[in-house]
Amino acid sequence: MPGSVATFIWYLGTALELGFVVCSIWRKAFLRYFFLNLYFLLAVGSSFSRHFILAWYGLTSDQYRYAYFYTDALLTLALYMALVSLYSHVFGELHFSKYVRLSAVLLLLGTAGFSYAVVAQSSDRLSTNFAYQLSQNLYFVGLVLTYLLWGAVLKLRETRTRVVQFVLSLGLYFSAYAAGYALLNLASRYSFVLFIGPVLGCFLPLSWTITMWRHNDDSRLMPAHLVAVPR
Amino acid sequence: MMAALIFVISLTTLLMFFVSYCRSLMASSSCHKLSKEVRDVTGIAASASGGDFARVMQLLQLCPERPEDRPGLKAVGIYYRLLSMLEKTVARIVPSLHIWMEQERAGCANFAVVLLDRRIAFSREILAQQGEF
């Protein structure tokens, strides 16, 4: 079993994820932000299934390894869909939603093809390696897409507070996750770097819950206040 | 080498998103009209200056806390400290940044004043509820 700190962060993250779903039902926004809710529901489901497999088979078992990598790939896919749904919110009024969905599917297929090409050389544990590779590549694509979405938010002068703060929180999450991952490679001998990823996992549901709780769909902000350098 | 490059790039985007996140928090409270009580307590007539932040934070600590304000206040507090640090270092080398940083610090102070106003209203609500019993 993981240590007490790691277990605490795990439970806290799961509670916060569940908190977001409850909050969005309470604020009558479950269907409007369906893919964000779906991501957190899948995350909660993954946590439970990982917990049971961990308790049943142990941390070093093949079963837990498979469960971990497959649920991770599934969650990354769900987060990717959540990001695409935010694109639909931003571009919805321009009637670009159909093109956004089509581009997202093509990009996903391209990423999956690239991931397969990378792992195809090694026949050993092909499916697990593919799940891991797809997950990593989708995180990178997610970071780039969030950056582009933020550019679109500024360009289109988006005023909906909820949408703006959802996009910014996602950008913070992806950037911090990428930085944490790089730090893990740079300074793996320090034990604190192992906790960066799980702690960041708590940040996203927390900030989205606060946004959902504090603002309604009518909340607006001045787009001019968002740009750091006045135009 | 690659990991170091990814680290630097992701830290840069992290900083950019953090600044924008703090600005969105401040922008969401910019439409708030200050009550007479908070204007009397703080001595701020229309809008705060960057130097007011520390004083308003002290006043905030005297009021009952609203849990939903805590993360936003923490983020803006970090942003304010970052700006103050940059003002003492970078702004001395590039004086044109000084005006922009002062505006940002004033924005942070205004955000804190709005939270103070909300906390005062919250305290009044609690007192009114206690009075009903």
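A crossing of two helices is called left-handed if the near helix is turned anticlockwise from the far one by less than a right angle, and right-handed if clockwise. By this convention, the crossing of helix 6 of chain A and helix 1 of chain B is left-handed, helices being DSSP runs of H or I of at least four residues, numbered from the N terminus. The structure is a predicted model, in which local features need pLDDT of at least 70 and side-chain atom pairs count only at pLDDT 80 or more, whereas totals for chains, interfaces and linings use all residues. Residues are numbered from 1 along each chain as its sequence is written, and chains are lettered from A and ligands numbered from 1 in the order in which they are written.

The axes of helix 6 (residues 161–186) of chain A and helix 1 of chain B come within 8 Å and cross at roughly 155 degrees, where axes are lines fitted to C-alpha atoms over the stretch in contact and angles run from 0 to 180 degrees between N-to-C directions. The two helices are therefore roughly antiparallel to each other, a term applied to angles over 145 degrees.

Between the chains, 21 residues of chain B are in contact with 27 residues of chain A, contact requiring C-beta atoms, placed from the backbone, within 7 Å. To the side of chain B that touches chain A, helix 1 (residues 2–28) of chain B gives the most, with 18 residues.

Elsewhere in chain B, A112(B) touches F53(B), V56(B), M57(B) and L60(B), residues up to four places away in sequence not being counted.

Definitions and conventions
Contact = placed C-beta atoms within 7 Å. Parallel < 35°, antiparallel > 145°, perpendicular 65-115°, else oblique.
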